[in-house]
Amino acid sequence: MKKNYSVVLIIACLFSACAGQSGIIFIPEHTQEEWQIDIDPFESWDIIESSEGPGETGIPEWVRYYYNNKLNGIESLGEYSGRYIITAENRGENFNAMNQWANGFSAVHDLPRLITARVERRLVSAASLYPDDEYGQYFENLIKAVSDGDYPGAVKEEVFWLKRKVFIRDEENGYDAELPQTETILERYEFLILISMDRDSLQRQLREIIENVRTTIPATREQAANVARIQQTFFEGF
């Protein structure tokens, strides 16, 4: 079945966030890009400096969890017990632009697109087909409803930045930590924002949205079963 690209366009619009201004790209959640490699990023990158000083000095545990794609690890830390953790990231070569973005970030106003990314990822991970094939129109309407929601009570916990040196990935031989300095792709700043929200509160809000999404295109029997299943199990692994 042909994929419905309208959902993709919705997500692209939600996540663009002033891409035309200062060349800044907003990344709602940690993603794998072409030059990234599947090993510990703190062993595969040179960290030049951070909020805490030169090198890897003082890098918080939550930042290490984030770069190793272990968001649940952050939520297991004692200080965030009973709260969902949502992260925002911005990357660029201009420190002042990155810093301005971090200072202007609003936990309340900017949170919907981050929650939308997490909801979308939950549905995609549970689907064996394209999500719009798996859930029918319910998927698109749910994503829109979540993105239009208000989520009071979010807290902007911490901002942390680091400057990293990215090495070229050899397509034939894989990553080579011994590549000479001239093979460096770039040096860039990466700003991370840690946002938390009460777990019970967010679950209540999302449960209400999930249960009240309506569609105009009738779902097939299989799609209806898939929707019922995800409604029952949505918060497992969310």
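The model is a predicted one, in which local features need pLDDT of at least 70 and side-chain atom pairs count only at pLDDT 80 or more, while totals for chains, interfaces and linings use all residues. Residues are numbered from 1 along each chain as its sequence is written, and side-chain values use heavy atoms, with hydrogens and water left out.

The protein contains 10 helices and 8 strands (DSSP runs numbered from the N terminus, with helices being H or I of at least four residues and strands E of at least two). Of its 238 residues, 46% are buried; here buried means under 20% relative accessible area, exposed means over 50%, and partly exposed lies in between, for a 1.4 Å probe and protein chains only. Among contacts (heavy atoms within 4.5 Å) with a separation of 6 or more, 78% join residues 24 or more positions apart.

In soluble globular proteins, nonpolar side chains tend to be buried together. A nonpolar core is taken here as a set of buried Ala, Val, Leu, Ile, Met, Phe, Trp, Tyr and Cys residues joined through side-chain atoms within 4.5 Å. The largest such core has 38 residues, and Leu111, Ile115, Val119, Leu142, Tyr151, Ile195 and Leu206 have the most contacts inside it. Two or more residues of this core come from each of β4 (83-92), α5 (95-104), α6 (111-126), α8 (137-147), β8 (184-198), α9 (199-212) and α10 (221-233). Apart from this core lies another, of 15 residues, including Trp62, Ile74, Tyr80 and Leu162.

The helices α8 and α9 pack at an angle of about 145 degrees, and their axes are 9 Å apart. These axes are lines fitted to C-alpha atoms over the stretch in contact, and angles run from 0 to 180 degrees between N-to-C directions. From α8 come Tyr138, Leu142, Ala145 and Val146, which meet Leu206, Ile209 and Ile210 of α9. The residues of this contact divide into 7 nonpolar, no polar and no charged (Ala, Val, Leu, Ile, Met, Phe, Trp, Tyr, Cys and Pro count as nonpolar, Asp, Glu, Lys and Arg as charged, and the others, Gly among them, as polar).

Turning to charged side chains, a search of the whole structure finds 10 salt bridges, each a side-chain nitrogen of Lys or Arg within 4 Å of a carboxyl oxygen of Asp or Glu. Glu75 and Arg118 form one of them, at 3.0 Å from N to O. Glu75 lies in α4 (residues 71-75) and Arg118 in α6, so this pair ties together parts that are 43 residues apart in sequence. Both partners count as buried, Glu75 at 9% relative accessibility and Arg118 at 4%. Glu75, Arg118 and Arg199 are linked in a network of salt bridges.

A salt bridge also joins Arg229 and Glu134, at 3.3 Å from N to O. Because Arg229 lies in α10 and Glu134 in α7 (residues 131-135), the pair ties together parts 95 residues apart in sequence. Here Arg229 is partly exposed, at 32%, whereas Glu134 is buried, at 4%. Finally, Lys163 and Glu187 meet at 3.8 Å from N to O, linking strand β5 (residues 155-167) to strand β8 across 24 residues. Lys163 counts as buried at 17% relative accessibility, and Glu187 as partly exposed at 33%.
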